[in-house]
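Work through the following exercises with the sequence and the structure side by side. Each one sets a task and then gives a solution in steps.

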Amino acid sequence: MSQVRDRLLKLVGRPRKVRVERGYPGEPAHNGFVLGLGRDLVLLHQFHDFYPEGYAALRMDDIEWVRSGEHERFWDRMLRGEGLMRQIGIPYDVPLSDFESLLASLQARGQHVIVECESPESADDDDFLIGRIVALDDDKVTIAHFDSLGRWYDDPAVVPLGGITKVQFVSG
């Protein structure tokens, strides 16, 4: 087992904040709590400052570094003091073996998702889609999506599963 997987495995389900670093310039760091670890994915309950930001499923292979030390213990104490630690968790099971199983589960729940295909070279090359899953098979997902003003596009986007680096969602 890799050191990253070992570190994350020790944090699954524990109320201990973690910082995860990945090699993507658009969003290299994620802060939150490890809710689950599967074959290919890790699920984080993300926090930004004092606000839970929903969930992020990240590819294990993309994670370069994990920290859960002195800085995170300070945040744990602050979040506990604000009564926010009881918000950590997810009220249903989420499959984390791969993006196909995760997306199938979210589609069955009728949840909106954010699907990202990030570039390791430049954030300008990232693809960001927000919407609902309308079709899924073993190599691609089709998403009815909308723009930053909430206007739905006429045609859905077809995304190869192999290009997805992150899926985000909220509890629905």
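**Exercise 1.** Find the ring over whose face Arg132 lies, and describe the surroundings of that ring.

*Solution.* Begin with the charge: Arg132 lies over the face of Trp152, at 4.8 Å from the ring centre, where a charge counts as sitting over a ring if NZ of Lys or CZ of Arg is within 6 Å of the ring centre and within 35 degrees of the ring normal. Before going further, keep in mind that this is a predicted model, in which local features need pLDDT of at least 70 and side-chain atom pairs count only at pLDDT 80 or more, while totals for chains, interfaces and linings use all residues. Residues are numbered from 1 along each chain as its sequence is written, and side-chain values use heavy atoms, with hydrogens and water left out.

Next, look at the accessibility of Trp152, which at 41% relative accessibility counts as partly exposed; buried means under 20% relative accessible area, exposed over 50%, and partly exposed in between, with a 1.4 Å probe and protein chains only. A second case of a charge over a ring is found at Tyr92, where the charged end of Arg109 sits 3.5 Å from the ring centre.

**Exercise 2.** How many aromatic pairs does a search of the whole structure find, and how are the rings of Phe33 and Phe47 arranged?

*Solution.* The search finds four aromatic pairs, counting rings of Phe, Tyr and Trp (its six-membered ring) whose centres lie within 6.5 Å, with planes under 30 degrees apart called stacked, over 60 edge-to-face and the rest tilted. For Phe33 and Phe47 the centres are 5.5 Å apart and the planes stand at 80°, so this pair is edge-to-face. Phe33 belongs to strand S2 (residues 29-37) and Phe47 to strand S3 (residues 41-48), so the pair ties together parts that are 14 residues apart in sequence; helices (H or I, at least four residues) and strands (E, at least two) are DSSP runs, numbered from the N terminus. Phe33 is buried at 0% relative accessibility, and Phe47 is buried with a relative accessible area of 4%.

Then take Phe146 and Trp152, which form another edge-to-face pair, with 4.9 Å from centre to centre and 65° between the planes. Phe146, at 22% relative accessibility, counts as partly exposed.

**Exercise 3.** Which residues of helix H1 (residues 3-11) are buried, and what covers them?

*Solution.* The buried residues of H1 are Val4, Arg5, Leu8 and Leu11. Seen down the helix axis, they fall within an arc of 125°, taken from the directions from the axis to the C-beta atoms, so they line one face of H1. Gln3 and Lys10, on the other side of H1, are exposed. The cover over the buried residues includes strand S1 (18-22), S2, S3 and strand S5 (63-67). Just after the helix, Gly13 takes a positive phi of about 75°.

**Exercise 4.** Give the order of the strands in the open sheet, and say which strands stand at its edges.

*Solution.* The sheet has 10 strands in the order S5-S1-S2-S3-S4-S10-S6-S7-S8-S9, with antiparallel pairing, where two strands pair if DSSP finds at least two bridges between them. S5 and strand S9 (157-160) stand at the edges with a single partner strand each, so one side of each has no neighbour in the sheet.

Now follow S1, in which four of the five residues are buried. S1 and S2 form a hairpin with six residues between them, pairing over four bridges, and Val20 stands opposite His30 in S2. Four bridges also join S1 to S5, with Arg22 opposite Ile63 in S5.

**Exercise 5.** Where is Asp76 found, and which residues does Asp76 contact, leaving aside neighbours within four places in sequence?

*Solution.* Asp76 is found in helix H2 (residues 70-81) and is buried, with a relative accessible area of 3%. With contact meaning heavy atoms within 4.5 Å, and with neighbours within four places in sequence left aside, Asp76 touches Pro15, Arg16, Lys17, Phe33 and Met85.
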